[in-house]
Amino acid sequence: MKRIDSIIRPQNLDEVKVRLTAIGVQALTVAEVRGFGRQKGHTEVCRGTEYAVDFVPKIMLTIIATDDRVTAIVDAIVAGARTGKMGDGKIFVSPIDEVVRIRTGETGDSAV
Amino acid sequence: MTKIVERRPLRRLVLPSRAAVLLATSVLGVLLSPCFAVDVPKPDPAGIATGDKTTAVDAGGNGFAVTEPTDKTAPDYAKNKKDFDDYQAQAAKEPLAVKLADSVGHIRIATNFAWTLNTGYLVLFMQAGFALLTCGLVRKKNAAHLMMLNFAAYVFAFLAYYAVGYAFQFGAVAVNAAPGNLGGVPTLNHFLIGSGPWGFLGGNGFFLSGPAYDAGSNCLMLFEVVFMETAGYIIVGSICERITFWGFLLCELFIGAIVYPVFGCWVWGGGWLSQVGATMNLGHGYVDFAGSTVVHALGGFTAMALAVILGPRLGKYGKDGKPRAFPAHNLVYVVTGTFILLFGWMGFNPGSTLGATDLRISVIAVNTNLAAVAGSATALFLWYALFGKPDVTMACNGMLAGLVAITAPCAFVSPTSAVIIGILAGLLVCGGVLFNERVSKIDDPCGAISVHGFCGWLGAVSVGIFADGTYGSGWNGIGAATYLGHAGQGVTGLLHGDTHQFFCQLGGATLCALWAFGATFVVFSIVNKIKSMRVPPEVEREGLDIPEFGMSAYPEDAVVTVE
């Protein structure tokens, strides 16, 4: 079992969701987050005075998948979220020890 | 405000059975104040004696009834006496016509009451517009604080104005500036300080009792109190995000009771500044139709003094002295609020005729809109040119700047002049916002000092430049028959040949700024010395909503658990 966390541009969420559901992803958790990477922040102008947006709004997607599905899911996210410009985001894949479905008490792969 | 001096007494009461009482009161009145009329007018709380044949006038304001001339030495005495005799003879022949004229006169006053009250309700609604505008322009963490300030401004300033403000401002309005469109309110005829053309403070009608417990007076009160409220909420835009609630309440009481009514008395209450045309040969005296200075510049410069005393918000200026932007948290509120203000201004300016029977109201309404759109377009394009993108909040400030600037001249200028005034205001408000932000470093979160202070000053000066003489004949008692050699010539500006009016406007508008800034600065510097009017730094960082009022404007943003 793997946990796939991806940080993407908010405007790319739709495209990523379409691609993920197309390959059969049934569960998806989304959080609105803010942060910066190599892209850093940017400046905006309000009433003639510049201000820095250091923490840029992003979307964090969390998907739990069985090991055999990871490559397909990562490919789908990359395809949906890539614009080729700095700030497209990152994907982190990490192992997880256990999954429990609260309703039935199932554990392991069948709970994913 | 209608400042045309009534040429006829409005209600003369003949009560022979109480002649002795009348005589005694008259003697007392003369002793107390030289401006007391011989026949003491009585208030009319039920409104059943207001409006009769003496208030029946034609479109040009010429009366139906003719009063008997009393001054036998006047040069036109013979002609006036003949007119009076002719009228008497005609009235004796056609008594039904005279009765009909009583109804016509009453209907005229009733029409004007309806107009004045309803436009007053529109002005009242501006309160909602300003609450939305200022709330949208500040940070989310202070949104509830902004709402409370706007709300409390209405409540407490209203009470202060009821108690003393109205009496200070209009307690002597009948002496020099009787609002004929509302029946003249003849009972408001006593200056507390000064007399005749040199009145400094009204003195009748405290707590709306006695002489002010009158239908006409209450109509005037409703309309004027919402104007005072406008000055009252202007300051919110400059002092928000850092003032304590108790400090703010003191500011509101000060505006409603003192700083606003005093200048208001000088200009609209028949005070000395309105009479400098007669006393110092300065055109029609100081003319401010609907309050560019009386309301807006006064509020703006009061706000400026308070902003200077409070100092800038934490973090507004970096260690290098450079300003930092605190972006507006809700542009939807800002635009909605601006349009509500524009809508309310359709009461503010046209309503200031105090009467729908004054048909200039259509020109005033169009001029007001034209200046608003011209101001907005100018600010929008100027920002486009300076910073590469038009700024919604500055487009809104530009619209309000145009509105503020056209408020004084709206009745006296042509539509094209209104557009020019709007453009000037649009330029001035942008310059003012940048100047305050970068040069003077007076932190003004919503731009109230530029919009209301600077553009208010510009508006009053604009009267002295652009007034074209088509309206305002007899204003402040000047030039009722002829002015500058023309019959029916009204208030006239520099471009149409009256330099006196220009200097009068320049001086009066500057005086307004000095009075508002000076009085406020002195009083609240002392208050601030005694106890700081500013919230502690940790409260300012957290946002004032919870520490000051115990609730946030957007509680769903916080994670709340019941236990």
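Predicted model: local features only at pLDDT ≥ 70, side-chain atom pairs only at ≥ 80, totals over all residues.
Local features are reported at pLDDT of at least 70 and side-chain atom pairs at pLDDT 80 or more, while totals for chains, interfaces and linings use all residues. Residues are numbered from 1 along each chain as its sequence is written, and chains are lettered from A and ligands numbered from 1 in the order in which they are written.

**View 1. The meeting of chain A and chain B.** Seven residues of chain A are in contact with 13 residues of chain B. Contact here means that two C-beta atoms, placed from the backbone, lie within 7 Å. On the chain B side, helix H13 (392–407) and helix H14 (415–440) each supply at least two residues. H14(B) gives the largest share, three residues. Helices (H or I, at least four residues) and strands (E, at least two) are DSSP runs, numbered from the N terminus. By class, the chain B side has eight nonpolar, one polar and four charged residues. Nonpolar covers Ala, Val, Leu, Ile, Met, Phe, Trp, Tyr, Cys and Pro; charged covers Asp, Glu, Lys and Arg; the others, Gly among them, are polar.

**View 2. H14(B) packed against H15(B).** The two helix axes are 9 Å apart, and the packing angle is about 145°. Axes are lines fitted to C-alpha atoms, for helices over the stretch in contact, and angles run from 0 to 180 degrees between N-to-C directions. The crossing is right-handed. That term applies if the near helix is turned clockwise from the far one by less than a right angle; anticlockwise is left-handed. Residues from H14(B) include B:Leu424, B:Leu428 and B:Gly432. Among those they meet in H15(B) are B:Phe454, B:Cys455 and B:Leu458. The contact has 12 nonpolar, five polar and no charged residues.

**View 3. H15(B) and its kink.** A kink of about 30° is centred on B:Cys455. The bend at a residue is the angle between axes fitted to the seven residues ending there and the seven starting there. The end C-alpha atoms of H15(B) are 25 Å apart, which agrees with the 27 Å that its 19 residues should span at 1.5 Å a residue. The expected span is 1.5 Å times one less than the number of residues. H15(B) is mostly covered, with 19 of its 19 residues buried. A residue is buried if 20 or more other C-beta atoms lie within 10 Å of its own, exposed if 12 or fewer, and partly exposed in between, with C-beta atoms placed from the backbone.

**View 4. Two residues with positive phi.** Most residues other than glycine have a negative phi. A:Arg47 has a positive phi of about 50° although it is not a glycine. A:Arg47 sits in the loop between strand E3 (42–46) and strand E4 (49–53) of chain A. A:Arg47 is buried, because 25 other C-beta atoms lie within 10 Å. B:Lys441 has a positive phi near 55°. Its place is the loop between H14 and helix H15 (448–466) of chain B. B:Lys441 is partly exposed, because 15 other C-beta atoms lie within 10 Å.

**View 5. H8(B) crossing H16(B).** Helix H8 (residues 245–267) and helix H16 (residues 499–530) of chain B cross at roughly 145°, and their axes come within 11 Å. This crossing is right-handed. H8(B) contributes B:Leu250, B:Phe254, B:Val259 and B:Phe263. H16(B) contributes residues including B:Trp515, B:Ala519 and B:Val523. The contact residues divide into 10 nonpolar, one polar and no charged.

**View 6. B:Ala153 and its contacts.** B:Ala153 lies in helix H4 (residues 143–170) of chain B. B:Ala153 counts as buried, because 27 C-beta neighbours lie inside 10 Å. Leaving out residues up to four places away in sequence, B:Ala153 touches B:Glu229, B:Gly232, B:Tyr233, B:Val236 and B:Glu252. B:Glu229 is 76 residues from B:Ala153 along the chain, yet their C-alpha atoms are separated by 7.2 Å.

**View 7. B:Ser103 and B:Lys53.** B:Ser103 belongs to helix H3 (residues 95–137) of chain B. B:Ser103 is partly exposed, with 13 other C-beta atoms within 10 Å. B:Ser103 and B:Lys53 are 50 residues apart in sequence and 7.2 Å apart in space, C-alpha to C-alpha.
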